Amino acid sequence: MWSEKRLQDVDKIGVLLRFKSQFHYYHVCLCKDTDFIFCTVGEEQGFLGASAVLIVFGLFILRLIVLAERQDNAFGRVYGYSVASIFFFHLAINVGMVTGLTPVIGIPLPFFSYGGSSLWGFTILLFIFLRLDASRKER
C-alpha cells in the first residue's frame with residue numbers, strides 16, 4: 001500500500017506542474033509532518049518546488065565540501081567531509097524513501113522533518129563545523 005501511495009504522489013508532482021492552475025487538487029499525502037515531508041513539498045509546490053529543494057540542498061552540500069577543502073588541519077577537513085556526507089546521505093535516503101527507491105527506515109530530511117532532536121542534531125553538527133572554519137581564519 002505504501003509503495004503504491006508514494007508512486008501516486010510522485011506521479012501527482014508532474015500532474016500538478018501542468019494542471020495546477022486548472023484544478024483544485026486534493027491532498028493525498030497522509031504523512032505531512034513526519035519523515036515524508038518531501039512528499040508534501042512535491043504535492044504542494046509541484047515539480048518545480050521539489051526540484052528547488054533538491055537544488056538548494058545540492059548547493060548547500062557543495063558549499064560544505066568547499067569549506068572542508070580549505071581547512072588547514074586534518075581534523076577540520078575530515079569533520080567537514082563527514083558533515084557533508086551526513087547531509088547527503090540523509091537527503092538521498094529520505095528522497096529515496098518518498099519515491100520508493102529505498103526502504104522506509106525513518107531518516108529525517110535535514111531542517112524539514114518534524115522533530116526537535118533531529119533539528120538540534122543537524123544544527124549543532126553544522127555550527128561546530130562553522131566554528132572550526134571561523135577559527136581557521138583567526139590563526
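Predicted model: local features only at pLDDT ≥ 70, side-chain atom pairs only at ≥ 80, totals over all residues.
**Exercise 1.** Determine how helix H2 and helix H3 are oriented relative to each other, and which residues form their contact.

*Solution.* Take H2 as residues 37-69 and H3 as residues 74-99. Their axes are 9 Å apart and pack at an angle of about 165°. An angle over 145 degrees counts as roughly antiparallel, so H2 is roughly antiparallel to H3. The crossing of the two helices is left-handed. On the H2 side, the contact residues include Phe 38, Leu 54, Phe 57, Ile 61 and Glu 69; on the H3 side, they include Arg 77, Tyr 81, Phe 87, Leu 91 and Val 98. Sorted by class, the contact has 17 nonpolar, two polar and two charged residues.

**Exercise 2.** Check the span of H3 against its number of residues.

*Solution.* H3 has 26 residues. After H3 comes Gly 100, with a positive phi near 90°.

**Exercise 3.** Which side chains meet in a salt bridge, and where do they lie in the chain?

*Solution.* The structure holds one salt bridge. Its partners are Arg 70 and Asp 133, at 3.1 Å from N to O; the cut-off is 4 Å. Arg 70 lies in the loop between H2 and H3, and Asp 133 lies in helix H4 (residues 116-138). The pair is 63 residues apart and links distant parts of the chain.

Terms used
Residues numbered from 1 in each chain as written. Heavy atoms only, no water. Axes fitted to C-alpha atoms, helices over the stretch in contact; angles between N-to-C directions. Helix = DSSP H or I, 4+ residues; strand = E, 2+ residues; numbered from the N terminus. Parallel < 35°, antiparallel > 145°, perpendicular 65-115°, else oblique. Left-handed = near helix turned anticlockwise from the far one by under 90°. Contact = heavy atoms within 4.5 Å. Nonpolar A, V, L, I, M, F, W, Y, C, P; charged D, E, K, R; others polar. Expected span 1.5 Å × (residues − 1).
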